[in-house]
Amino acid sequence: MKSDAPFAHALDAWLAGECGASCPAELPARLAARRRELLNAQLRHAVRHSRLYGRRLAGQEPLSCLSELSRLPFTTAEDVRRWEDLLCVSHSHVERMVSVQTSGSTGQPKRLAFSLRDLARTRDFFAVGMRFLARPGQTVCVLLPGAHRPQGIADLLRQGLAPQGIGVETDGGLAESLLAAAGAGEAALAPLRAQVERALCVAGPARVLLLLPGQLRGLLRCCPSALPGVSGILSAADWLDPDLRAAARQAWGIPLLEHYGSTESAFAGAVECPACDGLHWQALDLLPEVVDPLGDAPLPPGQPGELVLTTLQREAMPLIRYRTGDMVRLDERPCACGSPLPRLRAVLGRIERGPEGLRLTHPAKGGAAGDSR
C-alpha cells in the first residue's frame, strides 16, 4: 500500500493502492478506469456462472463506460429470494449463508451467499474504515445483533484489526440493556442505567462502540451528560435519526460517525469520515446509482432517489443493479476532508411499495430495528 500522506485519509490511500493512483489528482480517473474493468469482469462472471444472469444478460457486450450500466435490467429482492439462480460457485465454496426476512413479510426470506474471498473484501474495508475512530491499544465493542456469529461482523473486524493492535469484543448484556433502555419507562430505566454504567466502566483505554441507532438512543437515556470509557461511536445497520445524532454529539463531545451497509453489500458499504460531510464508498467493490423510485430512470447527482447497487468483485453471488429499497442522496462534490471522490450524502428512509403507491418510512424514533445484517 502506498503512503497515506498524499491522500485525505487511509481509505483513499487504500483505494489508490488498488487502482494505481499516486496522488489525489489521479484518483478519480484511475478509480473510474479500474471500476470499469472490474464491472466487465463481474458481468462476465455472472453470465458464465449464474442461471439468472446467464438468461438475463446473454450476449451482453462489454461496457465502454460506467454510465452504460443503466441500460441493464434491475435485480430485485424477489430475485434474491431465488438465490440458487444467482449463485456462481458450488455450495462447498459458500463460506457463509445469511437469511434476511424483509420487514413485514411472511414470505420466503432473501438469502445471500458469500465466499471466503467475498468476506475478505469486507474485512479489508472494515480494517481501513475503523481507522477513523479506533487506535492501536484500543478495543472495538460490537453490539450489533448476530455480530458474534462465525465470519460475522465481529469476526471480520477481529481479523482486520488485530494486525493494527486493536482488539474486538462483543457484549451481549450491554447490547440488550441498551435496546431495553431505548423504550423503558422511568421506573425500569434506573436498573438499566446501573447495568450500562457498570459495563462501560472497565479498566484500560477508552473503547469504541459499534451499535444500532436504537442502542444509541438507549445509551443517551442511560448516560445523558457523560459517557465514561468511550472514545468514539459508530452507528450502523439502520437509519440514524439526525435529531438523535445531534443530541448525542452535544451530550458527549466525542466522535460519532455513521456506517451504511446491508447483507446485500456483504455488511460493508460506506463509512463517514471525521469531517462528517458524507459517507465514503467501498468504491472498488460497490457501484452505486440513484434511480427514480417510481420508474427506472437514473436521476441527476444530488437528487434523492432509490439506491441501486452493483457489486464489482463478488464471487459467490454477484448482484447487478440491485434495487435496495433505500431512499438516498449522493454527492459528487469533493468532501470537506479533501477527498475528491463521490459520497453517500444521506439515507432518507425505506421505500415501501403497496397498492396505494410508494411511501417513505423509517424506524420509530423510540425503538430499534435490526435483522441479520
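Helices (H or I, at least four residues) and strands (E, at least two) are DSSP runs, numbered from the N terminus. For a pair of helices, each axis is a line fitted to the C-alpha atoms over the stretch in contact, and the angle, from 0 to 180 degrees, is taken between N-to-C directions. This is a predicted model, in which local features need pLDDT of at least 70 and side-chain atom pairs count only at pLDDT 80 or more, while totals for chains, interfaces and linings use all residues. Residues are numbered from 1 along each chain as its sequence is written, and side-chain values use heavy atoms, with hydrogens and water left out.

**First stop: H6 and H7**

Select helix H6 (residues 116-129) and helix H7 (residues 153-161), whose axes lie 8 Å apart at an angle of about 65°. H6 passes H7 in a right-handed crossing; a crossing is right-handed if the near helix is turned clockwise from the far one by less than a right angle, and left-handed if anticlockwise. Now display the side chains in contact (heavy atoms within 4.5 Å). H6 contributes Leu119, Thr122, Arg123, Phe126 and Ala127, and H7 contributes Ile153, Leu156, Leu157, Gln159, Gly160 and Leu161. These residues divide into 7 nonpolar, 3 polar and 1 charged. Here Ala, Val, Leu, Ile, Met, Phe, Trp, Tyr, Cys and Pro count as nonpolar, Asp, Glu, Lys and Arg as charged, and the others, Gly among them, as polar.

**Second stop: H10 and H11**

Next, select H10 together with helix H11 (residues 242-252); the two pack at an angle of about 40°, with axes 10 Å apart. H10 is therefore oblique to H11 (under 35 degrees is roughly parallel, over 145 roughly antiparallel, 65 to 115 roughly perpendicular, and the rest oblique). Their crossing is left-handed. Which residues of H10 meet H11? They are Pro213, Leu216, Arg217, Leu219 and Leu220, which face Leu244, Ala247, Ala248, Ala251 and Trp252 of H11. This contact of H10 with H11 comprises 9 nonpolar residues, no polar and 1 charged.

Side chains of opposite charge can pair when their charged atoms come close. The structure holds 26 salt bridges (a side-chain nitrogen of Lys or Arg within 4 Å of a carboxyl oxygen of Asp or Glu).

Select Glu186 and Arg221, which form a salt bridge with the closest N and O atoms 3.2 Å apart. Glu186 is in helix H9 (residues 186-200) and Arg221 in helix H10 (residues 213-222), 35 residues apart. Is Glu186 buried or exposed? Glu186 is exposed at 60% relative accessible area, whereas Arg221 is partly exposed at 23%. Buried means under 20%, exposed over 50%, and partly exposed in between (1.4 Å probe, protein chains only).

Move on to Arg350 and Asp326, joined by a salt bridge of 2.8 Å, N to O. Arg350 lies in strand S13 (residues 343-354) and Asp326 in strand S12 (residues 322-331), so this pair ties together parts 24 residues apart in sequence. Arg350 is partly exposed at 30% relative accessibility, and Asp326 is buried at 5%.

Most residues other than glycine have a negative phi. Select Ala237, in the loop between strand S6 (230-235) and H11; its phi is positive, near 75°. Then select Ala266, in the loop between strand S7 (256-261) and strand S8 (269-272). Ala266 has a positive phi of about 65° and is buried, at 3% relative accessibility.
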